[in-house]
Amino acid sequence: MIYQQIDNNTIIMIILFAILLIITVISEFRKRSRLVEYVTRELVECSICKYSYEEEYEPGDFISMIKGTCPKCGKGVLKIRAIYSVEKK
Amino acid sequence: MMIWSFDLKFKLRMIKRMIDEDSRRIEGFLKNINVESPSLLINRIANYFVIEPVSIEPIDIIKRYDHLIRTYDTSIRRIVQEYAGNVNHYTRSLLESSLSIYGVLNQIYRILRHYIIICERENNYPLMQYLVFIMPQILRIINTYHKALDSFLSGKPIGDGAGPLVALKLIEMGEVVSKKIVDETAVVEVRVKDRRIFVVKAEGPGSNVGKPGNVLSRLVDELSGNVDLIITIDAALRLEGERSGELAEGVGAAIGDPGPEKIAIERAASKYNIPLKAVIIKMSLEEALTTMKKELYEACERTVEFLWRIINESTHANSTIIVAGIGNSMGIPQ
């Protein structure tokens, strides 16, 4: 019988190999689950009162682009101060 | 060898799927701007190549390199114009960059496929083993370019735009005296805190890197060398273990072009004995090519303060300074 020809060392080797395989597969899955998604936001700021808020990025927007008049002071213009990506929550 | 071959082919198919997806996205973009035969344009640009100049004879190699780069840029622009017609400058620049990204991906795919076929045909297992080992690195690069396409198709500022962003912040700090565009590069003269500063950056907000070296060199000549300091600011690839957004200063021209722009800055500085300093903002390749992360934006704000410290330490009131923000100006005007 074939199992009678397998000595203890071979069995240990097979078990170690199986453990190694399982660890590799688990670590690979863990790596994949760490992948983070990003969303692009823009920081809009009033040129006078410095009132600011963050909003979703719209294609075609660029830094320093004027987005309208400030709703708070009514005098300053709202400009895009920054466009950046942040982690999706 | 069979397992290796299976693994490589599986990854090659994965790359092919990414490339096909990118091709479809560019096709969609082209259809939106009423291009009749998008696939013809995509295939033509994807197979476009540049033959490097002869380096065994180094005399005038920079001139030849510069000529080839300019010819390449002009040719790509003409081809895009021929297919896309009268699209505006901004859209055309995004399209050119997106097609270049697709070209890079396609080139990597074709080279990989070539080697895998050779390995199988000739039973070359050492080469196949080498391919298996470097595959994760190649996949990382492919993934980076694949992700970058989204930013280029929508015009979002990328990490490589750190230099132009610092330049823009400097322009906004002072009073603009004059502004001109030469060779798709903006030269803005500003007065900031008793200093006369010429800010050089690629023309934005389109996707463009401009010709900052050549323009800076001409500017120094126009000023007859009366410049007290030249500072270049650029994004630089960080080493593993370093933090993204870390700043570092040094001496020399911080610019990652094949040569012509960098040498133009070095020659202009050494011709008139002008101190040439550099500030770099560290980031990974992925961060440099994809939408600028918030940490990098904050690093740009810190860079402006850091830049002022260098200017205060190295120059006095009424000095003339040239600050060059090197990188892609996508989403960053002047």
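Two strands count as paired here if DSSP finds at least two bridges between them. I take helices (H or I, at least four residues) and strands (E, at least two) as DSSP runs, numbered from the N terminus.

**Ground rules.** I am working on a predicted model, where local features need pLDDT of at least 70, side-chain atom pairs count only at pLDDT 80 or more, and totals for chains, interfaces and linings use all residues. Residues are numbered from 1 along each chain as its sequence is written, while chains are lettered from A and ligands numbered from 1 in the order in which they are written.

**Entry 1: the sheet in chain A.** I started with β1 of chain A. Nine bridges tie β1(A) to β4(A), residues 77–87, and the two run antiparallel. I picked out one pair there: A:V44 has A:I80 as its bridge partner in β4(A). Next I checked β1(A), residues 38–46, against β2(A), and found five bridges, again antiparallel. In that pairing A:L43 sits opposite A:E54 of β2(A). Then I went to β3(A), which pairs with β4(A) over three bridges in the antiparallel sense. A:G68 faces A:L78 of β4(A).

Put together, I have an open sheet of four strands in chain A, ordered β2-β1-β4-β3, with antiparallel pairing. Its edge strands are β2 (52–56) and β3 (66–69) of chain A, each pairing on one side only. From one strand to the next the twist averages 35 degrees (axes are lines fitted to C-alpha atoms, for helices over the stretch in contact, and angles run from 0 to 180 degrees between N-to-C directions).

**Entry 2: chain B overall.** I listed ten helices and seven strands in chain B. Its C-alpha atoms fill a box of roughly 70 × 45 × 45 Å along the principal axes. Among contacts in chain B with a separation of 6 or more, 78% join residues 24 or more positions apart (a contact needs C-beta atoms, placed from the backbone, within 7 Å).

**Entry 3: the domains of chain B.** I have domain 1 at 2–154 and domain 2 at 159–325 of chain B, with bounds from an automatic or database domain assignment. Their centres, over C-alpha atoms, are 29 Å apart. Across the boundary, 15 residues of domain 1 of chain B are in contact with 13 residues of domain 2 of chain B. On the domain 1 side, α3 (61–84), α4 (89–122) and α5 (125–154) of chain B each supply at least two residues. The largest share, six residues, comes from α5(B). I sorted this side of domain 1 by class and got eight nonpolar, five polar and two charged residues (Ala, Val, Leu, Ile, Met, Phe, Trp, Tyr, Cys and Pro count as nonpolar, Asp, Glu, Lys and Arg as charged, and the others, Gly among them, as polar).

**Entry 4: where the chains touch.** The contact between the chains takes 14 residues from chain B and 13 residues from chain A. The chain B side has seven nonpolar, four polar and three charged residues.

**Entry 5: α7 of chain B.** I looked at how enclosed this helix is. Eight of the eleven residues of α7(B) are buried, so the rest of the structure largely encloses α7(B). Among the buried ones are B:V215, B:L216, B:L219 and B:V220. The buried residues of α7(B) pack against β1 (175–182), β2, β3, α8 (260–271) and β7 (320–325) of chain B.

Entry 6: Most residues other than glycine have a negative phi, and most peptide bonds are trans. I went looking for exceptions.

- B:S224 is not a glycine, yet has a positive phi of about 50 degrees. B:S224 sits in the loop between α7 and β4 (229–237) of chain B. With 8 other C-beta atoms within 10 Å, B:S224 is exposed.
- B:D194 also has a positive phi, near 65 degrees. Its loop runs between β2 (185–192) and β3 of chain B. B:D194 is exposed, with 10 other C-beta atoms within 10 Å.
- The peptide bond from B:G204 to B:P205 is cis, with omega near 5 degrees. I found B:P205 in the loop between β3 (195–202) and α7 (212–222) of chain B.

Conventions. Contact = placed C-beta atoms within 7 Å. Buried ≥ 20, exposed ≤ 12 C-beta atoms within 10 Å, placed from the backbone.
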